[in-house]
Amino acid sequence: RQPHRIPHNDDRVTMAAASASTVLPSTSRPSVCALRPARGASSRLPRAAAACRLQRTAAAAANHGGSNSAAEKTGHRKGTTTDAPPLAVNPVLLRARRGLAATAAALTLLVHPPSAAAITENNLLFLEAWRAVDKAYVDKTFNGTSWFKYRETTVKKTPMDSREETYAAIRVMLAKLDDPFTRFLEPEKYASLSESTMSANITGVGIEMAYRGGNVKADADQVVVVAPTPGGPADLAGVRPADGIIEVDGLPTKGLSLYEVAERLQGPQGSKVALTLAKDGSGAADAPRTVTVTRQKYALVPVQSKLCGPAAGTGTKVGYIRLSTFNQLSGSKVKEAVKGLAGDGAEAFVLDLRSNPGGLFPGALEIAKIFMNKGAIVYIADSDGVRDYFEADNTAIAPDAPLTLLVNKGTASASEVLAGALRDNNRARVLGETTFGKGLIQTLVPLSDGSAVSVTVARYQTPSGADINKVGIVPDGPLPVSAAAVEAAAAAVAEVASSGGESGGGLAAEVVAPAQLPMAPDAFCSVLAADAGVASKLFS
């Protein structure tokens, strides 16, 4: 079956969904007369007491001209019926009693006039964010936080005199959940994020990033530039492939995830960001340089593809597809690439998901259906267990061609959904590194001032039932390394050793890591055509 509701993914990027209602739950105020003082306590509101007595007298008088005293004396209670006929009512007395009732109501209003609104506009914005989490958050224990009590305490005691104070209160509230993906987005960031997921034209700096890995001189988790978008802001500012991103606006990137670095790079069109870069990803060999990039609108093409000529040693024509993100174009562009490559004679496919941080969840479903005709794609679970699942629908256009996926620790979210689906259904091999491990689904809830809250609403499970959150997908094997890269590493080690410098396998790893299977289509095909070992390992 096909579920009627498609949840939306986020990670670093998520799909805007329907906003939560900003209408607060209505509460009924009890009548003043129902709030009687404790026994023995003196009333400080004599007028209110008088008004209440008048109300009770008027109510009794209006009940068929007065209560049936005989029924009361014989044990009849409120709500019981009696066969006694109603007493005749003097019209003059009835008008008088109605007058008393009107007087009582007027006195009540005088004693308790409507109070001025105690809830400010900023309070309402905070309550919108609170309600978005309350309605949809996946963990109904809210990480051990008493969610209703927190709302009451915060509204009463936390200053929200400005929009900045309100934003700060929302961030503090979300931090209670200890979930890095449930977060607050200011209006500018929300607008930029919505644009990047819903359109091919986005605003930003235009950098594709990855973890360097395998480098003993620099931190193994050093974030490096895979490639700047051709003609994009970073490219025009002088950012180059393999540059290490040491700082963003003076703040170190060490220890940050790709998501966190990407968030720092986001901003409104025309704003500037300073990047401290180290050549070739190393923070030690060369002095870092600072490049100022102006965020601008540019075109993001999520798919690059190329037909690689007969692979060395096998003679197989391989269709290489590089998918850098999941946006609204990803599914259709991959389908277009597969059809074109198959038409040109591709006998096998490589789908490169390295450093793909995810994006729109439906894109993963579309692409999985291109390569598999049947089987579950993903299960969606919340705190109550599995609630939905998605499966292939017999519409594949390349269901039988050999398929290999390339992943690394920058492969996350929707990318992991796709990798898990194809691997668990024995449709593809997965090579590379253990993936990032983001098995959560977020929904973006817009707030009334143009900001938004990204809320984790569910978890993924692969078709085998595995929960990949904070675990990732373990590949079937490592990325193959070209013989040319190994030879270059050996030559570099020998040269350093002969000059009395550093030697050993560490330097070899440093040289080999950047040379492993390039992501640019032309370079990838060049390696495949020249190295029989790489070709055989991709599809063995």
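The predictor's confidence in each residue is given by pLDDT, on a scale from 0 to 100, and the chain described here averages a pLDDT of 76, with 68% of the residues at 70 or above. This is a predicted model, in which local features need pLDDT of at least 70 and side-chain atom pairs count only at pLDDT 80 or more, while totals for chains, interfaces and linings use all residues. Residues are numbered from 1 along each chain as its sequence is written, and side-chain values use heavy atoms, with hydrogens and water left out.

**Confidence**

- Among helices (H or I, at least four residues) and strands (E, at least two), which are DSSP runs numbered from the N terminus, confidence is lowest in helix α2 (residues 69-73), with a mean of 34, and highest in strand β12 (residues 348-352), at 98.
- Over residues 1-89 pLDDT stays under 50, and the model has 124 contacts (heavy atoms within 4.5 Å) beyond four places in sequence for this stretch.
- Where pLDDT is low, the predicted coordinates should not be read in detail.

**The sheet and its helices**

- An open sheet of 5 strands runs in the order β10-β11-β12-β15-β16 with mixed pairing, two strands being paired if DSSP finds at least two bridges between them.
- The edges are formed by β10 (303-308) and β16 (429-432), each of which has a single partner strand, so one side of each is left without a neighbour in the sheet.
- Strand β12 pairs with β15 (residues 403-407) in the parallel sense over 4 bridges, and L351 stands opposite L405 in β15.
- Helix α12 (residues 414-424) lies across β12, β15 and β16 and runs at about 145° to β15, where axes are lines fitted to C-alpha atoms, for helices over the stretch in contact, and angles run from 0 to 180 degrees between N-to-C directions.
- Helix α15 (residues 521-530) also packs on the sheet, touching β10, β11 (318-323), β12 and β15, and its direction makes about 30° with that of β10.

**The second largest pocket**

- A pocket is an open set of points on a 1 Å grid over the protein atoms alone, where a 1.4 Å probe fits, with protein on both sides within 12 Å along at least five of seven lines, and lining residues have an atom within 4 Å of a point.
- The second largest pocket is lined by 33 residues, of which D178, D179, P180, F181 and T182 are the closest to its centre.
- The largest share of this pocket's lining, 4 residues, comes from α9.
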